Each structure stands twice: as structure tokens, then as C-alpha cells.
2 protein chains.
Amino acid sequence: MTTKADTYLLENNVNPSYQRVKIMEYLLRKKNHPNIDMIFNNLKKEMPKLSKTTIYNTLKLFIKRNLVSPLTIEDNMLRYDADTKIHGHFKCINCGIITDINLDLKNMNRDELPGYTIFEHHVNFKGRCNKKSCNKKSFNKNKNGNTNWEKSA
Amino acid sequence: MTTKADTYLLENNVNPSYQRVKIMEYLLRKKNHPNIDMIFNNLKKEMPKLSKTTIYNTLKLFIKRNLVSPLTIEDNMLRYDADTKIHGHFKCINCGIITDINLDLKNMNRDELPGYTIFEHHVNFKGRCNKKSCNKKSFNKNKNGNTNWEKSA
DNA sequence: TTGTATATTTGCAACGATTACATTTTTTAT
DNA sequence: ATAAAAAATGTAATCGTTGCAAATATACAA
Ligand SMILES: [Mn+2]
Ligand SMILES: [Mn+2]
Ligand SMILES: [Zn+2]
Ligand SMILES: [Zn+2]
């Protein structure tokens, strides 16, 4: 069967193997900014033989073909975004959800950087989202006194 | 002897031990955005007994006291900045140097994230700086065909 | 001074995300 | 059908970081 992801990969000179199509479909459908484990745990339900190495290899290929942008919003793991347009991200330190932010880079950068060539724009904010369960008054702490998505002190 | 870093730590409720003062002095003096190894390799010349764990512990303490900001501009290691004012960074993918960028976030779209509280601003650009040796025409490649500071494809 | 509690440093083991690599499986071409 | 090429898989290795227990330094009372 020919899916949307299938033709998308073909258009970008990526051989649409079964695994590659499934991984791209996941990214396009969920639009969450998943890490490797999120992709793996979701897809292994219908692909029991799937290897994590395949996901690493596939995403590295997608990045090289500019179909995916890596997100360095976490300090210990990468996240991946099938939206390669320039935009920013907000990560809630309580619930962990990563939200897209529209950027106006023109009046954000005050420096000239003459002669510099910029290839990648990474704009990441962190804080608390507007969900009631993420507000200061009632945010969840674990046994270490940290919020859900913070690492232990 | 009482140095500038010494009193700076005292003012911020950090016990100015010998190692902590040396690490803070390094950050304030070099103003490069070093990773752990850069700090370690520099300081071990005058502190042969220095442990890398001490540097990790010290920087974690500095971050908690808001004396240092962690930079997630690399995907596999943290860098550290003793300038905690809001500003952005540019990293040259050829020479690796990280330059400060002044930011103007005031007229950023605030109604985009209603009810959100932002604690951290991370703005990182990547590209080629204006040094002649970093320009497209003459940039250095290693045996893997990558530039000096890129990882192997 | 001496002893004792506390703070800090050190060295090494353990952890986890990522990568290297050899093997197996699938696809393509002849 | 056969061989070659491409892709996927499993496992070991890498490396930045953290956990932890022992060693050292500091503070402070007796
Ligand atoms: Mn996004
Ligand atoms: Mn800086
Ligand atoms: Zn939230
Ligand atoms: Zn450069």
C-alpha cells in the first residue's frame, strides 16, 4: 500500500522500506517530539522484530536528508521533529510536553555576526505550561522532591 | 588569599573551597564555554589531585545557586557559562568556538504561550564563523570527510 | 590540644544514550 | 535461481555523567 509517508520518502530520495515508512508515519502522526524510546515502545507493538539500532540509523538518515530536525532540548538524549521549518520549542518541566513556538527571528537577534553563515536555529524555552496540574501550587513531586520530569538533584 | 571569585562565592552562599574557587576563576577568566574536560585539562596542571567528579559536583552546585548556566548546544555533552544573563550562542561547526549573541526577547510573542511560565531561555545557532579558515572554500576536513568539529557521518 | 561531627574531595564502579560492527534478512539485478 | 547490494538486527563497545563509599579537610566543642 502506498501511504503519504511512503511517497514523501520517495520524493526525497529515501528508499521507503517498511521500517522507514513506519517511523516516518509515527513522526508525522504524533507530532510529539519523541525520543528514541518513545518511537521504539510505540512501534514494537506492531513490529516485534524492530531494532532500536534501526531507529537510530533511520533518524540519522532522515536528518541527513533534512526530513527531520534533531532537538537538543534535553541534556542526555535527543528528540526528533518531522517539522523542519524554523520554529522554537517550549518544554514543561512538570509534564514534559514539548510545544511548538512560532518565531520571529528578525527582531530577536540584535547582533550582526558579519560574515557568519547560520545553518541551524535552536530556540528552546523551559518552564511550566498552563495546565492546572503543572502550576506552582499543585505540581507533582516525586520521592526525591523533584518534579516529574526533572532529574534527581 | 581572597580573590574576586572567592568573595563572589561567599556572596552567593557557596563555601569557597580551594577547588570551587579555582573552577569559578577559570570560568570567569576564560569566558569560553567549556565542557568538563576543558576545565579538567586546564586545572590539573596546577592541581594534580583534582578529580573530574569534583568538577561535576561543583558545576551542579553552581547551577543550583544560579552562578552558572548549562549550555545544551552539543548533543553529547554539556557546556557551562558563568554569564547567567539571558543571551544566545553561536557555535561554528568548523572551529568549534562558541560566541555570545545579544538577544532581544522583549517583543517576542507573549500571547503565544498564555499562562506559561518561562524559567530558561536557550537560543543556539550553528554555522560557520567569519574566520578565513572556517569559510566554505577552505574549511578543513578530516579523514572521514567531516569538518573538524562535526561528528562522523 | 584532642577528639568528634560535618563538609568536601577523590577514585572507581555503574548507568544510559549512542555508536560500531559483524551477522542475518530482504531486495534488486542478472 | 543466483549473486550482489541494501537494509535490518543483535550485541559489544564507547563515553559523558552519576552513584557511592572511602579518604581528606574543616569547624567546633571539651
Ligand atoms: Mn516542533
Ligand atoms: Mn555565553
Ligand atoms: Zn506541563
Ligand atoms: Zn569558525
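Biologist: Before we start, what counts as a strand here?
Modeller: Strands are DSSP runs of at least two residues, numbered from the N terminus. Keep in mind that this is a predicted model.

Biologist: Okay, so which strand does Asp81(B) lie in?
Modeller: Asp81(B) sits in strand E2 of chain B, which covers residues 79-81.

Biologist: Is Asp81(B) buried or exposed?
Modeller: Buried: its relative accessibility is 7%, and the cut-off for buried is under 20%.

Biologist: Which residues does Asp81(B) touch, leaving out those up to four places away in sequence?
Modeller: Among them are His33(B), His87(B), His89(B) and Asp100(B). There are also Leu67(B), Val68(B), Ser69(B) and Leu71(B).

Biologist: What does the side chain of Asp81(B) reach?
Modeller: It gets to the backbone nitrogen of Asp83(B), at 2.9 Å. The side chains of Asp81(B) and His89(B) are also joined by a polar contact of 3.0 Å.

Biologist: Let's turn to the metal. Which residues coordinate the manganese ion (ligand 2)?
Modeller: His33(B), His87(B) and His89(B) each use NE2, while Asp81(B) and Asp100(B) use OD. The distances run from 2.0 to 2.3 Å.

Biologist: How are those donor residues spaced in sequence?
Modeller: The pattern is H-x47-D-x5-H-x1-H-x10-D. His87(B) is in the loop between E2 and strand E3 (88-92), and Asp100(B) is in strand E4 (residues 98-101), so this pair ties together parts of chain B that are 13 residues apart in sequence.

Biologist: And are those two buried or partly exposed?
Modeller: His87(B) is buried, with a relative accessible area of 11%. Asp100(B) counts as partly exposed, at 35%.

Biologist: New topic: the DNA. How many residues surround DNA strand D?
Modeller: 17 residues do, and the closest are Ser17(A), Gln19(A), Thr54(A), Tyr56(B) and Leu78(B). By class, the residues of that surface are 5 nonpolar, 9 polar and 3 charged.

Biologist: Which helices supply residues to that surface?
Modeller: Helix H2 (18-30) and helix H4 (52-64) of chain A, along with helix H4 (52-64) of chain B, each supply at least two.

Biologist: Which parts of DNA strand D come within 4 Å of the protein?
Modeller: Of the atoms of DNA strand D in that range, 81% belong to sugar or phosphate, and the rest belong to bases. As for bases, the side chain of Thr53(A) has an N or O atom 3.1 Å from a base oxygen. On the phosphate side, a polar side-chain atom of Lys60(B) is 3.1 Å from a phosphate oxygen.

Biologist: What about DNA strand C, which residues come nearest?
Modeller: Tyr56(A), Leu78(A), Ser17(B), Arg20(B) and Thr54(B), out of the 17 around it. Sugar and phosphate make up 81% of the atoms of DNA strand C that come within 4 Å of the protein.

Biologist: Where do phosphate oxygens of DNA strand C meet side chains?
Modeller: One is 2.8 Å from an N or O atom in the side chain of Tyr56(A). In the side chain of Arg20(B), an N or O atom is 2.9 Å from a phosphate oxygen.

Biologist: Last one: what rotation superposes chain B on chain A?
Modeller: A rotation of 180° with 0.1 Å of shift along its axis, giving an RMSD of 0.5 Å. The two copies are thus related as by a two-fold rotation axis. The same surface serves both copies, with 89% of the contact residues of chain B recurring in chain A.

Technical notes: Residues numbered from 1 in each chain as written. Chains lettered and ligands numbered in written order. Predicted model: local features only at pLDDT ≥ 70, side-chain atom pairs only at ≥ 80, totals over all residues. Heavy atoms only, no water. Least-squares fit on C-alpha atoms with pLDDT ≥ 70 in both. Contact = heavy atoms within 4.5 Å. Helix = DSSP H or I, 4+ residues; strand = E, 2+ residues; numbered from the N terminus. Buried < 20%, exposed > 50% of the residue type's maximum accessible area, 1.4 Å probe, protein only. Polar contact = N/O pair within 3.5 Å; in protein donor to acceptor, adjacent residues only side chain to side chain. Near = heavy atom within 4 Å. Nonpolar A, V, L, I, M, F, W, Y, C, P; charged D, E, K, R; others polar. Donors = N, O, S within 2.8 Å, 3.2 Å for Na, K, Ca; no water.
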